[in-house]
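The following note sets out several points on the model shown below. Please read each point alongside the coordinates.

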Amino acid sequence: MQGNRNRGPHRGPGRVPEKPHNLKKAMGDLLKYCHNDMAVIIVSLIFAAGGAVLTIIGPRQISRITDMITSGLMTEIDMAGITRVGILLLTIYATSALLTFLQHYLMAGFNQRLSRRMRGDIVGKINRLPLSYFNFHEHGDVLSRVTNDVDTISMSLSNSLATIVSSVAQFVGCLIMMVITNWIMAGTSVVSTMIAMIIMMLIIGRSQKYFVARQKSLGDLNGYIEEMYTGHDIIRISNADDKVKSRFDELNGAVRSANFMSQFLGGLMQPLMGFIGNFGYVAVCVVGATLAMNGTITFGVITAFMIYVRQFQSPVQQIAQAMTNMQSAAAAAERVFEFLNETEMEDETEKDRKIRDVRGEVEFRHVKFAYPDKPEETIIRDFSAHVKPGQKVAIVGPTGAGKTTLVNLLMRFYETTGGDILIDGVNIRDMKRSEVHDLFGMVLQDTWLFEGTVRENLLYNTQNVPEEDMKAACKACGIHSFIKALPEGYDTVLSDNTAISAGQKQLMTIARAMIQNSPMLILDEATSSVDTRTELITQRAMDKLTEHRTCFVIAHRLSTIRNADMILVLRDGDIVEQGSHEELLAKGGFYAEIYNSQFEQAA
C-alpha cells in the first residue's frame with residue numbers, strides 16, 4: 001500500500017557516471033549465466049537445426065515428383081512411384097514439425113527458468129547491497145531491471161536464439177543443395193543474398209546504440225514515475241504539476257525517440273530483405289528459363305529451385321529480425337549484469353559473535369565516518385559516548401548534523417571509517433548484520449505499511465505472537481477501537497482505498513515495534529505525524545514501550561525529549577554538549593539556543 005523511500009544522506013545531487021556499453025561482453029556474460037541449462041540449449045538448437053535441414057530435403061523430392069509427372073504426360077504417369085515419394089515427403093515434413101515442436105517446448109522451459117533465476121538473483125542482490133547504493137540509484141530503475149529488462153531477455157532469447165540456428169542451418173543447407181542442383185542458378189541467388197546481408201550488417205551496426213538507449217531511458221522514466229507518484233500529494237500542494245509534466249514529457253520523449261529509432265532501423269531490414277529477395281527470385285526465374293530452353297536443366301529442377309530460393313532468402317530475413325531482438329536482449333542483459341556485479345557488503349559467514357542476554361549497554365569510541373563516494377567530506381569527526389542499559393538517549397541537532405547517520409552506523413547500515421561501536425562490550429563489526437538488526441526495534445518518521453491485512457502488518461516478520469499480546473499493544477497505542485471499527489477488523493486488507501490517516505499509520509508502526517519486543521529501540525521522531533491529542537496517547541504508549549530498554553530517539557521537536565536520561569547535541573558531526581534536559585538548559589549553550597528558538601517560532 002505504501003512504500004516511502006529510505007531517506008538517504010546524499011540522495012540526488014548525484015547520478016553515478018555512465019559506463020561504456022559493451023553488448024558483446026553482455027551476451028558473453030549471459031551465455032555464462034546460462035551454463036546450467038547449456039545441455040538443454042544445445043539439444044534445443046540441434047532440434048531446430050534438424051527441423052530446418054529436413055525442410056531442405058523436401059524440394060528435392062518435389063523435383064522428383066514433377067519430373068515423374070512431366071515424363072509421364074506423353075506415356076503413363078507412375079502413380080506408385082509418386083505415392084512412394086509422397087509418403088517419404090510427408091514423413092520428412094512430419095519429422096521436421098516434431099523437431100520444431102520439441103525445440104519450442106525446451107526453449108519455453110529454459111526461458112522461464114532463466115527469468116525465475118534472474119529475478120531471484122536480483123532480489124537476493126538487493127539484500128546484499130549496501131544502503132549507499134540506493135541513495136544514488138532510483139528505485140524505479142531497479143524495478144525496471146527486475147521486470148522490463150528480464151522480460152526483454154526472456155522474450156528475445158525465446159524468439160531469436162533457435163531462429164538464428166535454424167536459419168543458419170537452412171541457409172547453409174539450401175546453399176549446398178542449390179550448388180548440387182545447378183551452380184549457375186545458385187550463383188545468381190547468392191549474389192543477391194550477399195547484397196542483403198551487407199545491408200543487414202550496416203543497419204545492425206547503426207542501430208545498436210538505440211537499443212541501449214531504449215532500455216536506459218525506460219529505466220529513467222520508471223524511476224521518475226515511481227518518485228513522483230510517491231510524492232503526489234506534495235506535488236499537488238506545491239502546484240508543481242506543470243514542472244512534473246514538463247520533466248515527464250522530456251523523459252517520455254527520450255523513450256519515444258529511442259524506441260522510434262530502434263524500431264525503425266530494426267523494422268527497415270524486413271522490407272529491404274523482401275525487396276532484394278524478390279529481385280533475386282526474378283533473376284533466378286530468368287536464368288532458369290534460359291537454361292531450360294537450352295536443355296541444360298529439366299522443368300523439375302526449376303520447380304525445386306524456386307522453393308530453394310525462397311528457403312535460401314527467408315533465413316536472411318529471419319536472421320535480420322533475430323539479430324534485432326538479440327540487440328534488445330544484449331542491452332537488457334548489460335543492465336541486469338551491471339546490477340548483479342555491483343559491490344556487495346562484506347561476507348559475514350565466518351562471524352559467530354552473539355549477545356545472549358542483552359543488557360543494552362552501548363559505547364561509541366572515537367567514531368569517525370565519511371561516505372565512500374566522498375571520503376574527503378567527514379560527516380562524523382570524533383564521536384564518543386557511553387550509554388548505560390535502559391537509558392533513553394535523545395540525539396538532537398540541526399539538519400545535516402549527523403543524527404540519522406549516527407543511527408545508521410549503530411545499525412551497521414554503514415560501516416564506520418574509524419573507531420568502534422560496542423554493544424554489551426561486543427564490537428558490532430564482529431557480529432553479523434542480521435544479529436545486530438535483531439537487537440533493535442525501529443519506528444521511523446516515514447511510515448511503511450504494505451498491502452495486506454492489519455494483522456499481517458502488525459505481526460510483520462514476527463512469529464508465534466498470542467492474539468492477546470497483539471491487541472494489548474494496539475490498546476496501548478489507542479488504535480484497537482479504530483481497528484475493530486474497520487469492515488473486517490484485524491483481517492481488513494489495507495490498500496490505497498482504505499481510509500487511514502497519517503497518524504493512524506504511525507500508531508500502527510509503533511504497535512508493530514511493541515509486538516516485536518526487541519531489547520533496544522530506535523525512534524525517529526515517531527510522533528511527528530500525529531495531532532496534539534493523539535500525541536499524548538502516543539507518548540504514554542512510547543513510555544511503556546521504552547521501559548527497561550535502551551532507547552535512541554532522533555528528536556526534531558525538543559519538547560518530546562524532556563524526560564530523556566541523556567541528550568546528545570550534535571553539530572557538524574561532533575558532540576558539542578551532553579547531559580539531561582535541565583543540565584543543558586542551565587548551561588545556556590547550543591541546546592538552550594535551539595530549544596528556545598523552537599518556542600519562539602511556535603509563539
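1. Contact here means heavy atoms within 4.5 Å. With its neighbours within four places in sequence left aside, arginine 353 is in contact with Val426, Asp430 and Met431. The C-alpha atoms of arginine 353 and aspartate 430 lie 6.1 Å apart, although 77 residues separate the two in sequence.

2. The model is predicted: local features need pLDDT of at least 70, side-chain atom pairs count only at pLDDT 80 or more, and totals for chains, interfaces and linings use all residues. Residues are numbered from 1 along each chain as its sequence is written, and side-chain values use heavy atoms, with hydrogens and water left out.

3. Arginine 353 is found in the loop between α9 (299–340) and β1; helices (H or I, at least four residues) and strands (E, at least two) are DSSP runs, numbered from the N terminus. Because its relative accessibility is 39%, arginine 353 counts as partly exposed (buried is under 20% relative accessible area, exposed over 50%, partly exposed in between, with a 1.4 Å probe and protein chains only).

4. Isoleucine 423 stands opposite valine 426 in β5.

5. Axes are lines fitted to C-alpha atoms, for helices over the stretch in contact, and angles run from 0 to 180 degrees between N-to-C directions.

6. A second open sheet has 6 strands in the order β6-β7-β8-β3-β9-β10, with mixed pairing. Its edge strands are β6 (440–443) and β10 (574–579). Strand β3 (residues 392–396) and strand β9 (residues 566–571) run parallel and are joined by 4 bridges. Valine 396 has valine 569 in β9 as its bridge partner.

7. Helices α13 (residues 467–476) and α15 (residues 502–516) pack at about 135°, with their axes 9 Å apart. Met470, Ala473, Cys474 and Ala476 in α13 meet Ala511, Met514 and Ile515 in α15. By class, this contact has 7 nonpolar, no polar and no charged residues (Ala, Val, Leu, Ile, Met, Phe, Trp, Tyr, Cys and Pro count as nonpolar, Asp, Glu, Lys and Arg as charged, and the others, Gly among them, as polar).

Note on methods:
Two strands pair if DSSP finds at least two bridges between them.
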